Amino acid sequence: MPPKGASAKEKRKQQRQAELAMKESTEECTQGEAILDKINMEKNIGISQYTKAVGHFTKAIDAIATNGQAYLLRAKCMKAMQDYDKAISDYSKAIELNPNDAEALLSRAYCYEQKQDWDAAIGDCTAAIEIQPNDDHAYNMRGTSRANKRPAGLRLKNVEYKQVIDDFTKAIEKNDCNYYAYANRGNVRCDRQEYLKAIEDYSRALYIKDDYWYVHSRRGVAYYEYVLAERSPKEDPDVVPAEKNAASEKQASLKDQWEDEFWNEECVLRNKEQFEAFLAQAILDFTIYIKHEEKEKGDSSTASLVYRAHTYLLQGNLDDALKDFKKAKELDASLEPLVKPQIDAIREQTGVNKALVHAD
């Protein structure tokens, strides 16, 4: 606003300058947005195009310091360039200018997630939910941040687990086609060893999006871990450690060990048919994911190869287990300490089997 007491001529001059600044700011934003549109339409756009767009948005801000749209767009570029500190700064300015911009809050939350500032991310998601209570994406993001806040290797406490599950469930209630929320809830349940519930969530995600390849891998893990957990013999509290160690030192062939421990009498009576079906489905899920990785990246997923190998072992399929262990080691030499003992044991057992055949 022109200062009080300014002459009519000065007022007109100042008004004209303001109009020119607004025009310049708008034009610079338009040019920057055109570059972003081009980036969205084309693949393999280099960082230089984002830098060019940033230049236009910076000029727009220089012309009009309160141009919230320019801050938002520049923040978007910074986020794409993974300069999260600068992105957060620009999102913060945009939010200061428009506190009810839920999209800006969620975008800033994403940047906080990348910096593993989980509390800040949770705070922004909560603020966005207060503005847009029906936003399923906000609930899904908050659930993810709450789950990731717990250090790796530590299980969520009961109250934390409930909060996370509630967020993903709320996201699904708001949008029952949110396959991300189903997959994320499945991950949390799998970590909690609630494998059947996890399988249900993964299956729902794949029903919605059948090319959600990563979830095939995760569901395979859930099938495998469920069978592994259920077939594990229950510890006898009356057995002292010395007796346990003595029992573990008994020598048995791999084939006998897998059959005797896995298909114990109780499992045969109750669960053998289900276990066989689950292992077969795990193999299928791992295979789907492995083939996808081979097609897209040229290499198999070593983690899925190892999991599939262990699943073959539970089936007693030594030949295919050996192939997967060997391939995983070839792709990642660091896996040798993990897979070499398995390879050696399988080769030893295979040799014993062959010797028995020749003896017959």
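Among contacts in the chain between residues at least 6 apart in sequence, what percentage join residues at least 24 apart? In this predicted model, the share of such contacts that join residues at least 24 apart is 55%.

## Overall build and confidence

The chain has 18 helices and zero strands. Of its 360 residues, 41% count as buried, and the chain exposes about 21100 Å², of which carbon and sulfur atoms supply 48%.

The average pLDDT of the chain is 86, and 84% of the residues reach a score of at least 70. Confidence falls below 50 over residues 235–255, a stretch that has 10 contacts in the model beyond near neighbours in sequence. A further stretch, residues 354–360, also has pLDDT under 50, and for these residues the model has zero contacts beyond four places in sequence.

## The second largest pocket

The second largest pocket holds about 420 Å³ of space. It is lined by 18 residues, and those closest to its centre are Ala 147, Asn 148, Asn 187, Val 188 and Asp 191. Helix H7 (136–149), helix H8 (158–174) and helix H9 (179–191) each supply at least two residues of this lining, with the largest share, four residues, coming from H9. By residue class, the lining of the second largest pocket divides into eight nonpolar, five polar and five charged residues.

Is Ile 172 buried or exposed? Ile 172 counts as buried because its relative accessibility is 10%, and the cut-off for burial is under 20%. Not counting residues up to four places away in sequence, Ile 172 touches Ala 181, Tyr 182 and Arg 185. Of these contacts, Tyr 182 lies 10 residues from Ile 172 along the chain, and the C-alpha atoms of Ile 172 and Tyr 182 are separated by 7.2 Å.

His 56 belongs to helix H2, which spans residues 47–63. With a relative accessible area of 14%, His 56 is likewise buried, because that value is under 20%. When its neighbours within four places in sequence are left aside, the residues in contact with His 56 are Glu 28, Gln 31, Gly 32 and Ile 35.

Which loop holds Gln 82? Gln 82 is placed in the loop between helix H3 (68–80) and helix H4 (84–97), whereas Gln 193 lies in the loop between H9 and helix H10 (195–208). Gln 82 has a positive phi of about 65° although it is not a glycine, and for Gln 193, also not a glycine, phi is positive at about 65°. Gln 82 counts as exposed because its relative accessibility of 57% is over 50%, and Gln 193 counts as exposed because its value of 52% is over 50%. In sequence, Gln 82 and Gln 114 are 32 residues apart, while in space they are 8.7 Å apart, C-alpha to C-alpha.

| Residue | Relative accessibility | Class |
|---|---|---|
| His 56 | 14% | buried |
| Ile 172 | 10% | buried |
| Gln 82 | 57% | exposed |
| Gln 193 | 52% | exposed |

Methods
Residues are numbered from 1 along each chain as its sequence is written. This is a predicted model: local features need pLDDT of at least 70, side-chain atom pairs count only at pLDDT 80 or more; totals for chains, interfaces and linings use all residues. Side-chain values use heavy atoms; hydrogens and water are left out. pLDDT is the predictor's confidence in each residue, from 0 to 100. Contact means heavy atoms within 4.5 Å. On a 1 Å grid over the protein atoms alone, a cavity is a set of points where a 1.4 Å probe fits but cannot get out, and a pocket is an open set with protein on both sides within 12 Å along at least five of seven lines; lining residues have an atom within 4 Å of a point. Grid points are joined across faces, edges and corners, and a volume is the space filled by probe spheres set on the points. Ala, Val, Leu, Ile, Met, Phe, Trp, Tyr, Cys and Pro count as nonpolar, Asp, Glu, Lys and Arg as charged, and the others, Gly among them, as polar. Buried means under 20% relative accessible area, exposed over 50%, partly exposed in between (1.4 Å probe, protein chains only). Accessible areas come from the Shrake-Rupley method with a 1.4 Å probe; for residues, only the protein chains shown count as cover.
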